[in-house]
Amino acid sequence: MRNKEVSEKFYELAEIAELAGENPFKVKAYLEAARVIENLTVPIEDLAASGKLEEVKGVGKSIAQKIKQYLTSGRIDKLEELKKQVPETLLQMEKIPGLGAKRVKVLYEKLDIRTIDDLKRAAEEGKIREIEGFGEKTEKNILEGIGMMRDKKSDRVSIGIALPLAEKIVESLRNHSPVEKILVCGSIRRMKDTIGDIDILVTSNKPDKVMDYFASLDVVKEVIAKGDTKTSIVTFENLQVDLRTVEPDSFGAAIQYFTGSKQHNVRLREIAIKKNLKLNEYGLFDLDTNRKVAGITEESIYEKLGLQWIPPEMREDTGEVELAMDGKLPRIVTIDDIKGDLHVHTNYSDGSDSIEGIARKAMKMRYEYVVLADHAKALGIAGGLSMEKYKKEKDEVDTLNKLLKPFKIFLGTELNILANGEVDFKQEELSFFDLCLAGIHTGMSQDREQITQRIVKALGNEYVKIIVHPTGRIIGGRDEYSVDIDAIFAEAKKYNKGFEINASFERLDLNEVNSRKATESYGLKIEIGTDAHSIASMDNMRYGVGVARRAWLTKKDVINAKTLKEFERYLKS
Ligand code: DGT
Ligand code: CA
Ligand code: CA
């Protein structure tokens, strides 16, 4: 049921519409719709599917259209349009305890308060209490609210939050400031699963212009430091972003240095010393003459150190330097090697998109196949399917496959590993599916022995081929459940079963350590699946591939790097 989610969108729409100065009747209508949807007792997606939205009180033609758009595409055009009209700083202000859209709008109109800094100053100067309807108490609350917002300690965030943000900043700088070269370095370039801060390097002949523009970006909550070569800001997500300008003839050395990791860089400097060279962020220098021997490109630095160029994802000093010295780096898997997504949810269960939409997206991503893996019946809250529903789904798959050839849709299922290690369906029913994935969705607080035994039992089921999100962690949400990973890997080896790197950026599970262990120590195969519940989330594949690359996986370790032919053979095995 997606009522809550849709309702929240309409609350957001109402707030933004108010800030944007939309007609008050419209604002009221959005608010009313949000409340009605929140209190509906039937799933709104069912009403939409049966064309009954407009029968709901408070839902007229235009609101119904917006609901439908949101349910199918995950966005509301009107909302996106309004967002462009309202400065991001106002939207953020509105989240301060004690302030709502109405008040933010008044502050903006009466005192020209546009940012949290403006607000703080006005409150400190006692200007806010003078506005009608505000008073001294409100002013005090606002100051406290700002304090609370700023004190919120920023933890590491998922790469799925940090990377798109970094890309947005890079695009703005590219389009609106005089940058020449620009690259995101640090842990993002290494595709680490969580990110502490964002490091961006640029070259420019007008660095001060670039710095000014950077500090004025609408993602900026606070400028921490602003200098000639480095500016640091904090975004509204509480993420720090460091922007550095470097000289063009040091760019290679600088991106090498600021990509890290620190441990990898330490190793490189040791190698440099042995060769009577010195490596720093400005270049590689001959110790006797102080002459620069490399620095413009990163490749030249590795080359002069006698190393193969090392992919950023491998730069953690876990053996990559030795291999690069011997010219023996593995060819790690790339996003282009991926030929299909084996874990996608459709609107048959709790996904938001149709089979055809998913298939067309997969084709656009140049995949050769996709596996639909809707939830099975035991997961009621996610609209888990009965065998009858899967059969209906299969009919649609068969019809589409005729149309989309040679692209191929497979019908899979995401089974639940129940508390006793059994799954949702009987063995003879499981034979119906092209691919059975299985995962733990409930009973995660069982003890280590119990959880391990559950998975061991599921691995023994001849139809279960892959264990999905094997440790259950949610980044920033939930720790891994307690499980003996070596025991389940050893068991899986007996039957040649696979494990998933769940590419959804809140999960990234298996993580890099366990993925590397599975392949290196146990010779197991890995499936990288997005667990997408919408077409847009199928793009999360790149985060899963990031984990795989950090785990040194090659194409042959990855089940969905198989061509369609090879994959069909795998399904039959
Ligand atoms: P993060 O931000 O915690 O996710 O991780 P990184 O790796 O992005 O770390 P960060 O932002 O502190 O520094 C970026 C890179 O700069 C780091 O990977 C290597 C380089 N770096 C920073 N500080 C040092 C240092 O003291 N020594 C060396 N060798 N390199 C450093
Ligand atoms: Ca960083
Ligand atoms: Ca940094």
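**Notebook: cavity, metal site and a buried strand**

I began with the lining of the largest cavity, which by class has two nonpolar, three polar and two charged residues (Ala, Val, Leu, Ile, Met, Phe, Trp, Tyr, Cys and Pro count as nonpolar, Asp, Glu, Lys and Arg as charged, and the others, Gly among them, as polar). I note that this is a predicted model, in which local features need pLDDT of at least 70 and side-chain atom pairs count only at pLDDT 80 or more, while totals for chains, interfaces and linings use all residues. Residues are numbered from 1 along each chain as its sequence is written, ligands are numbered from 1 in the order in which they are written, and side-chain values use heavy atoms, without hydrogens and water.

Next I looked up the calcium ion (ligand 3), and found it coordinated by D197 (OD), D197 (OD), D199 (OD) and D242 (OD), at 2.2 to 2.8 Å (donors are N, O and S atoms within 2.8 Å of the metal, or 3.2 Å for Na, K and Ca; water is not among the atoms, so sites may look incomplete). I saw that D199 lies in strand β4 (residues 197–202) and D242 in strand β7 (residues 240–245), so the pair ties together parts that are 43 residues apart in sequence (strands are DSSP runs of E, at least two residues, and helices of H or I, at least four, numbered from the N terminus). D197 bridges this ion and the calcium ion (ligand 2), the two lying 3.9 Å apart.

Both D199 and D242 are buried (under 20% relative accessible area, with a 1.4 Å probe and protein chains only). Last, I checked strand β11 (residues 340–344), where five of the five residues are buried, so the strand is largely enclosed by the rest of the structure.

Technical notes: Buried means under 20% relative accessible area, exposed over 50%, partly exposed in between (1.4 Å probe, protein chains only).
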